[in-house]
Amino acid sequence: MNQKIKILVVGCGNMGASHATAYYHMPEFEICGLVARGESKVRLNQKLNTDYPLFEDYEQALLQTNPDAVCISTYPDTHEEFALRALEAGCHIFIEKPLADTVLGCERIIAKAKEKNKKVVVGYILRHHPSWIRFIEEAQKLGKPLVMRMNLNQQSHGFMWDVHRNLMKSLSPIVDCGVHYIDVMCQMTRSKPVWVSAIGARLTEDIAKDNYNYGQLQIRFEDGSVGWYEAGWGPMVSETAFFVKDVFGPKGAVSIVAKEAGKSGKSDDVDSHTKTESIRVHHADLDDKNHFTKSDEWIDMKDEPNHQELCNREQAYFLKAIEENLDLTDHLDDALNSLKIAFACDDSVKTGEVVRL
């Protein structure tokens, strides 16, 4: 594709601004407009020292800019409507996870993308992180079954508490955040989940009575592997052990040890969420006296990408999908699968029952 790809950026908060920054530095893209209800679009223009057209209304922006692609980084309850409208307009889509706020909505977007022969890339940022790719590779060497333990609790305050309260108008933390780590677990096991169980607690009057700001889920896989993930948002959340990324199997264990990102006071810092810093590999081999035969190995990830560089890599993949006509069937199937599992966990919280998949 020789002509620049005209892209409309919808949602100019943290993720939208990062994706717009990536497009700004990529000669293959040309931003044709910024869409947001508040002042974030103005601040983004100032940050980039640009004068992109600004819009409050998404429909108006689509009609006036006639884009080739749309980047959707709005709250999840708008994803389905915005994505379907963009696809009807003949646009490719980059969309932040989760793809939609319901399984049916996710399926409708996938079906429409196939009908219109357009690319839809979902923002699973960890899939572009070399350290997380290595983490998954090391976990796959541990044998089966695997025990996978992960969390990301956030002691959110200030602006981030505003963000989390808005997110919880449509989703719980274990759905919104959990899809990332459920996706990681599925990559590690390459096995079918058979049932889920989950618990949750509503710890604040600031959210709807039918939602919860702390959740913990458990998954059992067909191969005997098990995993848990927990996520809590709010000013009351503890920062003790908020960063756990740990897997073990018959042959040993592998853990992400983020010595700096895991420190107190960094739980709601978006750059800390993807940092690994180092990976610790433990070998379970014993000698005839039950002593370990190998010392633990440390894999230092010194040159890992920061949050902006990860967004750059996501957009490089989006560009490749468009220019090389990549088959995204597996990509979208995985996005749908992780969302189905996350919503099954959400159902388990609300019903108190195990949900079989």
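Biologist: Which residues line the second largest pocket?

Modeller: In this predicted model, the second largest pocket is lined by A113, K114, N117, K118, K119, V120, N325, L326, D327, L328, T329 and L332. Its volume is about 160 Å³.

Biologist: Which helices supply at least two residues each to that lining?

Modeller: Helices α5 (103-116) and α12 (329-351) do.

Biologist: What is the volume of the largest pocket?

Modeller: The largest pocket has a volume of about 1300 Å³. It is lined by 49 residues, and N14, M15, S73, Y75 and V163 are the closest to its centre. Two or more lining residues come from each of α1 (14-25), α2 (40-48), α4 (79-88), α7, α9 and α10 (270-274).

Biologist: Which element gives the largest share of that lining?

Modeller: Helix α7 does, with 7 residues. By class, the lining of the largest pocket divides into 22 nonpolar, 18 polar and 9 charged residues.

Biologist: On to charges. Why is the contact of R127 with D183 called a salt bridge?

Modeller: The closest N and O atoms of R127 and D183 are 2.8 Å apart. The cut-off is 4 Å between a Lys or Arg side-chain nitrogen and an Asp or Glu carboxyl oxygen, so the pair qualifies.

Biologist: Where in the chain do the two partners sit?

Modeller: R127 is in the loop between β6 (120-123) and α6 (130-139), and D183 is in helix α9 (residues 178-189). They are 56 residues apart, and the pair links distant parts of the chain.

Biologist: Why is D183 called buried?

Modeller: D183 has a relative accessibility of 4%.

Biologist: Are D246 and R149 buried or partly exposed, and what makes them so?

Modeller: D246 has 10% relative accessibility, so D246 counts as buried. R149 has 30%, so R149 is partly exposed.

Biologist: Why does the contact of R165 with D206 count as a salt bridge?

Modeller: The closest N and O atoms of R165 and D206 are 3.3 Å apart. That value is within 4 Å, so the pair counts. R165 lies in helix α7 (residues 159-167) and D206 in the loop between β8 (193-201) and β9 (214-221), so the pair ties together parts that are 41 residues apart in sequence.

Biologist: What makes R165 and D206 partly exposed?

Modeller: R165 has 27% relative accessibility, and D206 has 44%.

Biologist: How many salt bridges does a search of the whole structure find?

Modeller: The search finds 21. E88, K112, E115 and K116 are linked in a network of salt bridges.

Biologist: And the rings: how many aromatic pairs does a search of the whole structure find?

Modeller: That search finds 8 aromatic pairs.

Biologist: Why is the pair of F29 and F318 called stacked?

Modeller: The ring centres of F29 and F318 are 6.2 Å apart and the planes are at 15°. Pairing needs centres within 6.5 Å and stacking needs planes under 30 degrees apart, so both tests are passed. F29 is in strand β2 (residues 29-35) and F318 in helix α11 (residues 307-323), 289 residues apart. F29 and F318 are both buried.

Biologist: What makes Y181 and Y229 a stacked pair?

Modeller: Y181 and Y229 are 4.8 Å apart, centre to centre, with 15° between the planes. Y181 lies in helix α9 and Y229 in strand β10 (residues 226-232), so the pair ties together parts that are 48 residues apart in sequence.

Biologist: Why are Y181 and Y229 called buried?

Modeller: Y181 has a relative accessible area of 3%, and Y229 has 0%.

Biologist: Which residues do ring pairs link into a cluster?

Modeller: Y23, F29, F94 and F318.

Definitions and conventions:
Residues are numbered from 1 along each chain as its sequence is written. This is a predicted model: local features need pLDDT of at least 70, side-chain atom pairs count only at pLDDT 80 or more; totals for chains, interfaces and linings use all residues. Side-chain values use heavy atoms; hydrogens and water are left out. Helices (H or I, at least four residues) and strands (E, at least two) are DSSP runs, numbered from the N terminus. Buried means under 20% relative accessible area, exposed over 50%, partly exposed in between (1.4 Å probe, protein chains only). On a 1 Å grid over the protein atoms alone, a cavity is a set of points where a 1.4 Å probe fits but cannot get out, and a pocket is an open set with protein on both sides within 12 Å along at least five of seven lines; lining residues have an atom within 4 Å of a point. Grid points are joined across faces, edges and corners, and a volume is the space filled by probe spheres set on the points. Ala, Val, Leu, Ile, Met, Phe, Trp, Tyr, Cys and Pro count as nonpolar, Asp, Glu, Lys and Arg as charged, and the others, Gly among them, as polar. Rings of Phe, Tyr and Trp (its six-membered ring) pair if their centres lie within 6.5 Å; planes under 30 degrees apart count as stacked, over 60 as edge-to-face and the rest as tilted.
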